[in-house]
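These are my notes on side-chain contacts. I put down each thing I looked up and what I found.

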Amino acid sequence: MRALLGIVLLVLASTAVASPRPRTYTVAQVISQFPHFRGHDIAIEGYARFDRLSRQALLYDTLASFRKRDYRRAIFLGFPLPTFDRFVLPDGTYALVSGYLSEDSHGSLGVYPGHLYADRITPLHRQATPRPNQAMQRTAR
């Protein structure tokens, strides 16, 4: 009986199909070679910014672009609205976001280099970005 159970488990394990993990790219790579990536499942690394009021998010290529809010150097992130709050990270977090890169959509205003329909986000490390009132308190002392 135990041998039969072992064989059944072995057969089930060998027939299980794992979906391949998408390759990881930076925001700069995706922007520079957008036609190559559109219409594919990919994973993108960058600096995340979430707007909780509009329930929208962007992924920037560099910390400088993040600080300047340079939308030309950012990928628009679309999350499922009912679960948006589950995905939110502190602003400035360097994260890996995976999902489907739209073939023709360029974000809510149509001005972003790309639109990723995200299904997973993983923080890689947190970028320390002081809140404005904290920075003002430090300089006022």
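This is a predicted model: local features need pLDDT of at least 70, side-chain atom pairs count only at pLDDT 80 or more; totals for chains, interfaces and linings use all residues.

**Entry on aromatic pairs**

I looked up the total and got five aromatic pairs in the structure. I took Tyr-47 and Tyr-94 next. Their ring centres are 4.9 Å apart and their planes stand at 65 degrees, an edge-to-face pair. Tyr-47 is in strand S2 and Tyr-94 is in strand S5 (residues 93-101), so I wrote the pair down as a link between distant parts of the chain, 47 residues apart. I then checked how accessible the two residues are. Tyr-47 has 13% relative accessibility and Tyr-94 has 14%, and both count as buried because the cut-off is under 20%.

I went on to Tyr-60 and Phe-66. Their planes are at 85 degrees and their ring centres 5.8 Å apart, so this pair is edge-to-face. Tyr-60 and Phe-66 are both buried.

Phe-66 came up again when I looked for charges over rings. The charged end of Arg-49 sits over the Phe-66 ring, 3.9 Å from the ring centre.

**Entry on salt bridges**

Side chains of opposite charge can pair when their charged atoms come close. How many salt bridges does the structure hold? I found three.

I began with Asp-85 and Arg-55, where the closest N and O atoms are 3.5 Å apart. Asp-85 is exposed at 51% relative accessibility, while Arg-55 is partly exposed at 28%.

I turned to Arg-73 and Asp-61, which form a salt bridge with their closest N and O atoms 2.8 Å apart. Arg-73 lies in the loop between helix H4 (63-68) and strand S4 (74-78), and Asp-61 lies in the loop between S3 and H4, so the pair ties together parts twelve residues apart in sequence. Arg-73 is partly exposed, at 28% relative accessible area. Asp-61 is buried, at 16%.

I finished with Arg-72 and Asp-70, whose side chains meet in a salt bridge at 3.1 Å, N to O. Is Asp-70 buried or exposed? I found Asp-70 buried, with a relative accessible area of 17%, whereas Arg-72 is exposed, at 55%.

How values were computed: Residues are numbered from 1 along each chain as its sequence is written. Side-chain values use heavy atoms; hydrogens and water are left out. A salt bridge is a side-chain nitrogen of Lys or Arg within 4 Å of a carboxyl oxygen of Asp or Glu. Buried means under 20% relative accessible area, exposed over 50%, partly exposed in between (1.4 Å probe, protein chains only). Helices (H or I, at least four residues) and strands (E, at least two) are DSSP runs, numbered from the N terminus. Rings of Phe, Tyr and Trp (its six-membered ring) pair if their centres lie within 6.5 Å; planes under 30 degrees apart count as stacked, over 60 as edge-to-face and the rest as tilted. A charge sits over a ring if NZ of Lys or CZ of Arg is within 6 Å of the ring centre and within 35 degrees of the ring normal.
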